[in-house]
Amino acid sequence: VAGVAKNATTGLGIEGVTVNVRANWNNQSGDVIATTTTDADGNYSFSLERGYYTLEFARDGFVSTFVNVASSNAIGACEGVLSPTSTEFRIVLTWGETPRDLDSHLVGLDDANSVFHIAYYNKVERDTDGNVIASLDVDDVSSYGPETVTIVNARTDATYYYSVKDFT
């Protein structure tokens with residue numbers, strides 16, 4: 001099993017991420033059976049017996065993430081996408097090789113109660129003072145993702161709608 005730990009806001013690899021392996025799927029607190037640290041480009045790899053595992057990706061300054069992986073005789077790729085720790089609300093979409101291009105869409109209300117729509121054709125929405133309300137931080141068009149939408153200071157009195165379109 002090999003892959004890359006990526007920053008959800010940039011799509012770039014993250015150095016120094018601890019990758020822990022636990023037996024079985026959705027196992028977020030069991031015994032760690034293997035561990036490694038990502039290289040300068042965010043790459044990691046393990047040789048694992050055939051089976052089902054949970055990978056934990058953790059690093060200071062980022063929210064940890066867990067990914068299920070099945071190990072077989074073939075080499076499997078598994079990306080871990082981590083969001084920087086912040087007060088922002090972030091939606092991170094990842095997927096496999098197919099479909100090639102999924103598009104994130106976010107609809108909400110701005111500070112003047114007008115509807116905004118974040119997508120590949122409108123990547124940043126600003127308030128009347130020029131501050132960012134929401135943005136499409138990463139727009140992947142060649143499979144796997146991440147496709148990342150961030151809401152800055154989400155309104156508690158508004159509803160946000162997130163959807164995904166298969167652009168391919």
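Is Tyr 120 buried, partly exposed or exposed? Tyr 120 counts as partly exposed because its relative accessibility is 36% (buried means under 20% relative accessible area, exposed over 50%, and partly exposed in between, with a 1.4 Å probe and protein chains only). What you're looking at is a predicted model, where local features need pLDDT of at least 70 and side-chain atom pairs count only at pLDDT 80 or more, while totals for chains, interfaces and linings use all residues. Residues are numbered from 1 along each chain as its sequence is written, and side-chain values use heavy atoms, leaving out hydrogens and water.

**The whole chain**
- You'll find 15 strands and zero helices here (both are DSSP runs numbered from the N terminus: helices are H or I with at least four residues, strands are E with at least two).
- The C-alpha trace spans about 55 × 35 × 30 Å along its principal axes.
- Of the 168 residues in the chain, 40% are buried.
- Take the contacts (heavy atoms within 4.5 Å) with a separation of 6 or more: 53% of them come from residues 24 or more positions apart.

**Around Tyr 120**
- Tyr 120 sits in the loop between strand E11 (115–118) and strand E12 (124–126).
- Together with Tyr 121 and Phe 167, Tyr 120 makes a nonpolar surface patch of about 330 Å².
- Patches are built from residues with over 30% relative accessible area and no salt bridge, joining like charges within 9 Å and nonpolar side chains (Val, Leu, Ile, Met, Phe, Trp, Tyr) within 5 Å; a salt bridge is a side-chain nitrogen of Lys or Arg within 4 Å of a carboxyl oxygen of Asp or Glu.

**Strand E13 and its partners**
- E13 covers residues 132–138 and is mostly covered itself, with five of its seven residues buried.
- E12 and E13 pair in the antiparallel sense over three bridges (strands pair if DSSP finds at least two bridges between them), and Glu 125 stands opposite Ala 134 in E13.
- The hairpin of E12 and E13 has five residues between the strands, and Gly 130 takes a positive phi near 90° there.
- E13 also pairs with strand E14 (residues 147–151), antiparallel over four bridges, with Leu 136 opposite Val 149 in E14.

**Ala 154**
- Ala 154 is in the loop between E14 and strand E15 (161–166), and it counts as partly exposed because its relative accessibility is 40%.
- Ala 154 and Glu 88 are 66 residues apart along the chain, yet their C-alpha atoms are separated by 7.3 Å.

How values were computed
Areas by Shrake-Rupley, 256 points an atom, 1.4 Å probe, with all protein chains shown as cover.
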